[in-house]
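Let's take a walk through a protein model together, one feature at a time. Keep the structure open beside you as you read.

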Amino acid sequence: MTIWEMLAVFIAGVSAGTINTIVGSGTLITFPVLLATGLPPVTATVSNALGLIPGSVSGAIGYRAELTGQRRRILRLSAAALVGGLSGATLLLVLPSSAFETIVPVLVTLALVLVILQPRLARAVQARRERKGTTPRPDGGPLLLIGLLLASVYGGYFTAAQGIIYVSLMGTLIDDTLQRLNAVKNVLAAVVNGVAALFFLFVADFDWTAVVLIAVGSAIGGQLGAKVGRRLPPTALRVFIVVVGVFAVVQLLIRRYG
């Protein structure tokens with residue numbers, strides 16, 4: 001890499017770490033930059049996955065206050081994320097690079113619809129529980145585990161916009177604040193990126209210059225994202241998620257059909 005390419009990758013890492021902590025989709029910034037430096041798609045994907053781990057961890061630390069009291073929930077959901085992430089990493093080396101490109105825009109669009117409708121859905125679910133005299137499950141139940149497992153398969157494969165899918169699923173199936181669920185999302189992203197990168201270490205080639213630049217940049221971005229994200233009121237955070245999600249869908253469609 002030239003010095004300017006290295007600077008571009010570092011800035012992309014900071015931006016991705018910031019956006020990933022608040023909502024997700026940071027890969028849509030780093031991945032094109034890595035391709036522009038001349039890296040092959042698979043090498044860019046695995047280098048990006050390893051480089052973004054410090055950003056996910058940094059973001060989770062920044063949200064540590066919102067993680068208080070969620071240990072059991074995190075352990076349960078992380079188990080599904082771990083299995084899904086490892087499965088997705090395996091698929092990356094087996095399937096053609098276009099395998100997920102058709103379905104992913106549809107998944108992200110559905111996730112955005114859930115994010116928008118989540119307050120109304122939550123009120124409807126709460127009213128139904130009151131009629132039946134039942135209480136909400138703090139871990140979201142089997143449906144959430146299955147949904148997160150499938151989302152993590154995709155996350156281990158490519159990671160772009162996986163955070164939006166996580167937040168939409170948890171927001172629909174768990175009765176908790178959006179900020180606390182966003183904190184859990186950062187932990188799950190760290191689990192998926194971590195297990196995928198660990199797998200790639202033994203079977204794929206990395207560009208270590210890109211890894212280091214993205215790692216340092218995303219760690220800085222994780223702290224920036226936590227400072228910004230934690231100050232956003234629920235409505236503003238929801239709007240930010242939708243705006244970034246729409247941008248992600250457009251980018252994915254351009255990659256697929258442009």
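## L110, out in the open

L110 counts as exposed, with 51% relative accessibility. The word "exposed" here means over 50% relative accessible area, "buried" means under 20%, and "partly exposed" covers what is in between (1.4 Å probe, protein chains only). L110 belongs to helix α7, which covers residues 103-132. Helices are DSSP runs (H or I, at least four residues), numbered from the N terminus.

Now look for I165. Along the sequence, L110 and I165 are 55 residues apart, and in space their C-alpha atoms are 8.5 Å apart.

A quick word on where all this comes from: this is a predicted model, in which local features need pLDDT of at least 70 and side-chain atom pairs count only at pLDDT 80 or more, while totals for chains, interfaces and linings use all residues. Residues are numbered from 1 along each chain as its sequence is written, and side-chain values use heavy atoms, with hydrogens and water left out.

## Helix α9, tucked away

I165 is one of the buried residues of α9, along with Q162, G163, I164, Y166, V167, S168, L169, M170 and G171. Ten of the twelve residues in α9 are buried, so this helix is largely enclosed by the rest of the structure. From its first C-alpha to its last, α9 reaches 17 Å, close to the 16 Å expected at 1.5 Å a residue. That expected span is 1.5 Å times one less than the number of residues in the helix.

Zoom in on G171, which sits in α9 (residues 162-173). G171 has a relative accessible area of 2%, so G171 is buried. Its C-alpha atom is 7.0 Å from that of L181, a residue ten places away along the chain.

## Salt bridges

How many salt bridges does the structure hold? There are three salt bridges, where a salt bridge is a side-chain nitrogen of Lys or Arg within 4 Å of a carboxyl oxygen of Asp or Glu. Take R230 and E66: their side chains meet in a salt bridge at 3.0 Å, N to O. This pair links distant parts of the chain, 164 residues apart, with R230 in the loop between α11 (208-229) and α12 (234-257) and E66 in helix α5 (residues 64-67). R230 is partly exposed, at 38% relative accessible area, whereas E66 is buried, at 13%.

Next up are R73 and D176, whose side chains form a salt bridge at 2.9 Å, N to O. They also link distant parts of the chain: R73 is in helix α6 and D176 is in the loop between α9 and α10, 103 residues apart. D176 has another partner, R180, and their salt bridge is 3.0 Å, N to O. Put together, R73, D176 and R180 are linked in a network of salt bridges. Which of them are buried, and which are partly exposed? R73 is buried, with a relative accessible area of 11%. D176 is partly exposed at 23%, and R180 is partly exposed at 22%.

S78 is in helix α6, and S78 is buried with a relative accessible area of 11%. Leaving aside residues up to four places away in sequence, S78 touches V187, L188 and V191. Touching, or contact, means heavy atoms within 4.5 Å.

T18 has its place in helix α1 (residues 3-22). At 18% relative accessibility, T18 counts as buried. With residues up to four places away in sequence not counted, T18 touches G221, G222, L224 and G225.

V42, L93, V94, L95, L198, L201, F202, V203 and W208 make a nonpolar surface patch of about 870 Å². Patches are made of residues with over 30% relative accessible area and no salt bridge: like charges are joined within 9 Å, and nonpolar side chains (Val, Leu, Ile, Met, Phe, Trp, Tyr) within 5 Å. The accessible areas come from the Shrake-Rupley method with a 1.4 Å probe, and for residues only the protein chains shown count as cover.

Two helices, α6 (71-94) and α10 (178-203), each supply at least two residues of this patch. The largest share, four residues, comes from α10. V94, one of the patch residues, is found in α6 and counts as exposed at 61% relative accessibility.
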